[in-house]
Amino acid sequence: MRILIVEDDPDIAEFVQQGLREAGYAVDHTADGEEGFRYALNQPYDAAVVDLMLPRRDGLDLIQSLRQRGVSTPVLILSAKRSVDERVEGLEAGGDDYLTKPFAFSELLARVQALIRRNSGTATETTHLTAGPLELDLLERTAKRDGDPIDLQPREVSLLEYLMRHPGRVVSKTMILEHVWDFDFTPQTNVVEVLVHRLRGKVDEGYEPKLIHTVRGAGYVLRLP
């Protein structure tokens, strides 16, 4: 899962980036509202965290412009503004949720996860994903197959989450790169193959039927029984 942060306070930006990356997300950051607009317009993000007070283009204008362009990426607004009118203004501009500063990272993470669940059509009441025999706890970032724990690294969790949100759908190497790694990541030639191989070994080894399949020339797919 890939998140965009548009925040010009370096301490807050670093705090949020570190927390999201430790939770297994790929994170892109810009401190510039105009650049944030370009990022969100041209890259497939699963969610965005946007401050209101930004240089060159404020957060409200950024969000409104994205919605006018048909970009539906869910947006969590960050702001030091606390009045009801200001929160309503942010939501009416096209924001999906609102968090005032200062905030606890655990709350920000829970809100981001809720936005992603709603946007992907999974139940808003649960912090778990289930796909066939697979279970993924979105808060603990832990996985199970047939009730057995699977020991996964953060990027393996991100890839499994992406596959579980799109069961039966072929996802290409490019799509995986876009959702699992950061914007400035320079991929090695076989980095996706290595990650899929590691995840497949942990999810499928010793189990039947096999769930993660290679579609030659197209990518990978999670096929459920």
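Biologist: What should I know about the model before I start?

Modeller: Residues are numbered from 1 along each chain as its sequence is written, and the side-chain values use heavy atoms, with hydrogens and water left out. The model is predicted, so to speak of local features we need pLDDT of at least 70, side-chain atom pairs count only at pLDDT 80 or more, and totals for chains, interfaces and linings use all residues.

Biologist: How many salt bridges are found in the whole structure?

Modeller: Side chains of opposite charge can pair when their charged atoms come close. Here a salt bridge is a side-chain nitrogen of Lys or Arg within 4 Å of a carboxyl oxygen of Asp or Glu. The search finds 16.

Biologist: Which residue forms a salt bridge with Lys101?

Modeller: Glu7, with the closest N and O atoms 3.1 Å apart. Lys101 lies in the loop between strand E5 (97–100) and helix H5 (105–120), and Glu7 in the loop between strand E1 (2–6) and helix H1 (10–22), so the pair ties together parts 94 residues apart in sequence. Helices (H or I, at least four residues) and strands (E, at least two) are DSSP runs, numbered from the N terminus.

Biologist: Are Lys101 and Glu7 buried or exposed?

Modeller: Both are buried. Buried means under 20% relative accessible area, exposed over 50%, and partly exposed in between (1.4 Å probe, protein chains only).

Biologist: What about Lys210 and Glu208?

Modeller: Their salt bridge has its closest N and O atoms 3.6 Å apart. Lys210 is partly exposed at 34%, while Glu208 is exposed at 62%.
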